[in-house]
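My notes follow the model below.

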Amino acid sequence: MWRERERGLLGLSLCSTCCNIKATIYPAKRNLAKSKSEFAETPQRFSNQQRERDAQMPGSLEPLDLGVQIPYHFRCPISLELMRDPVTVSTGQTYDRPSIESWVTTGNITCPVTRAPLSEFTLIPNHTLRRLIQEWCVANRSFGVERIPTPKQPADPTHIRHLLAQSASNSNPYPTRVSALRRLRGLARDLDKNRSTISSQNSREILLELVFSDTNSESSELTHEALALLVLFPLPESDCAAVASDPDRVAYLSHLVQHPSMEVRVNSAALIENVLAGSRTAELRAQVSNVDEIHHGVVSILRNPIAYPRALKIGVKAVFALCLVKETRNKAVSAGAPETLINVLADFEKCDSERALATIELLCRVPEGCAAFAAHGLTVPLLVKTILKISDRATEYAAGALLSLCSASEKSKNEAVAAGVLTQLLLLVQSDCTERAKRKAQLLLKLLRDSWPEDSVGNSDDFVCSELVVPF
């Protein structure tokens, strides 16, 4: 009897245990199935999130509309973008060249991935990976992927030293020296890395010597090539002083800036601007800007904007640098700078427009310049139109030039009012422009108050511009 009772109790215990096991297992299965379902959806969610991050990341590749994914090993570990110039470092890791160069330039001496010290900083091009990336780009062209170009490799410093030695040696044939300079200029234009390598090889002293080797004779092709290469590099203060303090070199520059070749003239103007910008003393700058031929040559460069687009950028930089010397601004006026600047003002890009307007304001501070600008029928309308159109700086310079013109000429006052300057100045005073621009606008409003039409807000009793004026 007791055996049967024991078997019954054992059966109840087993049934209870089985029920507990089932109650534990079935929810686990349901959770496992749910997890599998969520895991299956994760790649899609990840790809969508990754696509959104790529679209929002500044400077990243354009998002691909059809959802093509960039293979992981094609992305740079630093920028997470598609590598365009993959290179391998001493630890065996591969990065995009600009990314790893920036990493090293900022003072890092370890591998970004392995954190191991970089025993050397030689970057070896990974041609195999680059070809695989190019093949992947071609295969996914239908998805909007553009093939990356084959990058140009930096020149070997030994090769650059050899070319510099060839160009500097008088014992080498003349065509060989010219060819060496042309090859150096091509390398400098190809890559910034080449330019920094050339600059580090004592190239400026060699090129300055070639440019000014014989200032008493006509310039040669060798001089022109050395000049074209020299202006690609900034000059240190010592070199600028060496040029500005030598009357023979300044006179030679005034001769080059009037050369029949436009390229030689533009490069000469670029060198003049470099020398003026790098000279720290007013006396040295005055020695360059005191030469009439330099002003005439630089201003003439601005008169060919369509045929030589580079002439506009270089010309306005050189004119501005010359006009920073207060004592010689009248020479720029005599060379025709006011009329030329107004004629080409609409052709400048934003940065060059700011520099041109700054030059106009500087020239308006001398009586000859103010009279020359007032005599040009487009000066005032263009300056009024420029306000609040290009940038805050451009607005400030335009307002300053108008203030000088209207202070000196009743005719300019009437032209400004007719061009709608009232509306522009009122908007300027209420804008987020610079305080200096607002100050000039307030002074100009006060100056022109008697010139407003009778029904304008300028003559209204409610307009209290005089109370807003802040003196300089």
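**Helix packing and a pocket**

I started with a crossing: H7 passes H8 in a left-handed way. The model is a predicted one, so I keep that in mind throughout.

I looked up the geometry of this pair next. H7 covers residues 203-211, and H7 and H8 pack at an angle of about 145 degrees. Their axes are 8 Å apart. Which residues make the contact? From H7 I noted Arg204, Leu207, Leu208, Leu210 and Val211. From H8 I noted Leu222, Thr223, Ala226, Leu227, Leu229 and Leu230. I then sorted this contact by class and got nine nonpolar, one polar and one charged.

**H8 again, now with H11**

I stayed with H8, which spans residues 221-230, and turned to H11, residues 262-278. These two helices pack at about 50 degrees, and their axes are 9 Å apart. On the H8 side, I found His224, Leu227, Ala228 and Leu230 in the contact. On the H11 side, I found Val264, Asn267, Ser268 and Leu271. The contact of H8 with H11 has five nonpolar and three polar residues, and no charged ones. I also noted that Leu227 and Leu230 of H8 are in the contact with H7 and in the contact with H11.

**H20 and H23**

Next I looked up H20, residues 392-408, and H23, residues 435-447. Their axes come within 9 Å and cross at roughly 25 degrees. Angles under 35 degrees count as roughly parallel, so H20 is roughly parallel to H23. H20 passes H23 in a left-handed crossing. What does H20 bring to the contact? I listed Glu396, Ala399, Gly400, Leu402, Leu403, Cys406 and Ser407. H23 brings Arg436, Ala437, Lys440, Leu443, Leu444 and Leu447. By class, I recorded eight nonpolar, two polar and three charged residues for H20 with H23.

**The second largest pocket**

Last, I checked the second largest pocket. About 390 Å³ of space lies in it. I found that 19 residues line this pocket. The closest to its centre are Arg97, Glu101, Phe121, Leu123 and Lys193. Which helices each supply at least two lining residues? I noted H2 (97-105) and H6 (192-199). H2 gives the largest share of the lining, five residues. How does the lining of the second largest pocket divide by class? I wrote down ten nonpolar, four polar and five charged residues.

How values were computed. Residues numbered from 1 in each chain as written. Predicted model: local features only at pLDDT ≥ 70, side-chain atom pairs only at ≥ 80, totals over all residues. Heavy atoms only, no water. 1 Å grid on protein atoms, 1.4 Å probe; cavity = no way out; pocket = protein on both sides within 12 Å on 5 of 7 lines; lining within 4 Å. Points joined across faces, edges and corners; volume = space filled by probe spheres on them. Helix = DSSP H or I, 4+ residues; strand = E, 2+ residues; numbered from the N terminus. Nonpolar A, V, L, I, M, F, W, Y, C, P; charged D, E, K, R; others polar. Axes fitted to C-alpha atoms, helices over the stretch in contact; angles between N-to-C directions. Contact = heavy atoms within 4.5 Å. Left-handed = near helix turned anticlockwise from the far one by under 90°. Parallel < 35°, antiparallel > 145°, perpendicular 65-115°, else oblique.
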